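This briefing concerns the sheet, the helices packed on it and the charged side chains of one protein model. Please consult the sequence and the structure shown here while reading.

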Amino acid sequence: MNSPLDSPTQKNALIAPEIVLLSYDKIIEGDNPRTVMEKEPLEELKRSILETPTGLIQPITVRPQGQQYELVAGARRRRAMYELHEAFPKDPRFARVPAIVREVDDVALPIVQLVENLGQGPAADQVRVRD
C-alpha cells in the first residue's frame, strides 16, 4: 500500500522544508480540523511568545496556493501572532509569521493536520474526524 508521503515531492518536503517569514495577508486559513479555539490556551501562548526574546519558536506550516499560502498546521500560533501584531504593531517580532513551506497534497493534508493536533494535549480533544 502506498503512503500519501511516498511521492518524491512529499519526501523532499519532509526532509528539507523551506522556512519563510510571511505577512498575514499571504496566509489563507484553509479547513482547520480544530473546531474550537479556547481563549485561555491562546492567551497562554501569547504570553509565552511575549516572554521569548525571539518571539514564536515553532513556525506554522503552510502549503503554496498560487501567490498565497494555505495554513496546514498552527492556526492557534497564527492567531496568537496576529493578535500580538495588532497589540504591538511596531514590534518586529510580530510583523510577519515564521512558516515552514511544504508541498502537501490533499491526500496528505488531513494526516499532517491530525499529527499536529494530537501533539497539543487537551486541545486535541476538539479535533473532529473527517470522512
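Lys39 is exposed at 62% relative accessibility, where exposed means over 50% relative accessible area, buried under 20% and partly exposed in between, with a 1.4 Å probe and protein chains only. The model is predicted, so that local features need pLDDT of at least 70 and side-chain atom pairs count only at pLDDT 80 or more, while totals for chains, interfaces and linings use all residues. Residues are numbered from 1 along each chain as its sequence is written, and side-chain values use heavy atoms, with hydrogens and water left out.

**Salt bridges**

- The model has eight salt bridges, each defined as a side-chain nitrogen of Lys or Arg within 4 Å of a carboxyl oxygen of Asp or Glu.
- Lys39 forms a salt bridge with Glu43, at 4.0 Å from N to O; Glu43 is partly exposed, with a relative accessible area of 21%.
- Both residues belong to helix H2 (residues 39-51), four residues apart, or about one turn of the helix; helices (H or I, at least four residues) and strands (E, at least two) are DSSP runs numbered from the N terminus.
- Arg47 pairs with Glu40 in a salt bridge whose closest N and O atoms are 2.9 Å apart; Arg47 is partly exposed at 41%, and Glu40 is partly exposed at 46%.
- A salt bridge also links Arg63 and Asp106, with the closest N and O atoms 2.9 Å apart.
- Arg63 lies in strand E3 (residues 60-65) and Asp106 in the loop between strand E5 (97-101) and helix H4 (109-118), so this pair ties together parts that are 43 residues apart in sequence.
- Arg63 is buried at 7% relative accessible area, whereas Asp106 is exposed at 59%.

- Five strands make up an open sheet of mixed pairing, in the order E1-E5-E3-E4-E2; two strands pair if DSSP finds at least two bridges between them.
- Strand E1 (18-22) and E2 are the edge strands, each pairing on one side only.
- E3 and E4 are antiparallel to each other over five bridges, and Pro64 stands opposite Tyr69 in E4.
- H3 packs on the sheet, touching E2, E3, E4 and E5, and its direction makes about 120 degrees with that of E4; axes are lines fitted to C-alpha atoms, for helices over the stretch in contact, and angles run from 0 to 180 degrees between N-to-C directions.
- H4 also packs on the sheet, where it touches E3 and E4, with its direction at about 50 degrees to that of E4.

- H3 has 13 residues and spans 18 Å from first to last C-alpha, close to the 18 Å expected at 1.5 Å a residue; the expected span is 1.5 Å times one less than the number of residues.
- The buried residues of H3 include Arg76, Met81, Leu84 and His85.
- Buried residues of H3 pack against strand E2 (27-28), H2, E3, strand E4 (68-73), E5 and H4.
- His85, in helix H3 (residues 75-87), has a polar side-chain atom 3.3 Å from the backbone oxygen of Phe94.
- Beyond its neighbours within four places in sequence, His85 is in contact (heavy atoms within 4.5 Å) with Tyr24, Phe94 and Ala95.
- Phe88 lies in the loop between H3 and E5 and is partly exposed at 37%.
- Residues up to four places away in sequence aside, Phe88 touches Leu50 and Phe94.

Key:
Polar contact = N/O pair within 3.5 Å; in protein donor to acceptor, adjacent residues only side chain to side chain.
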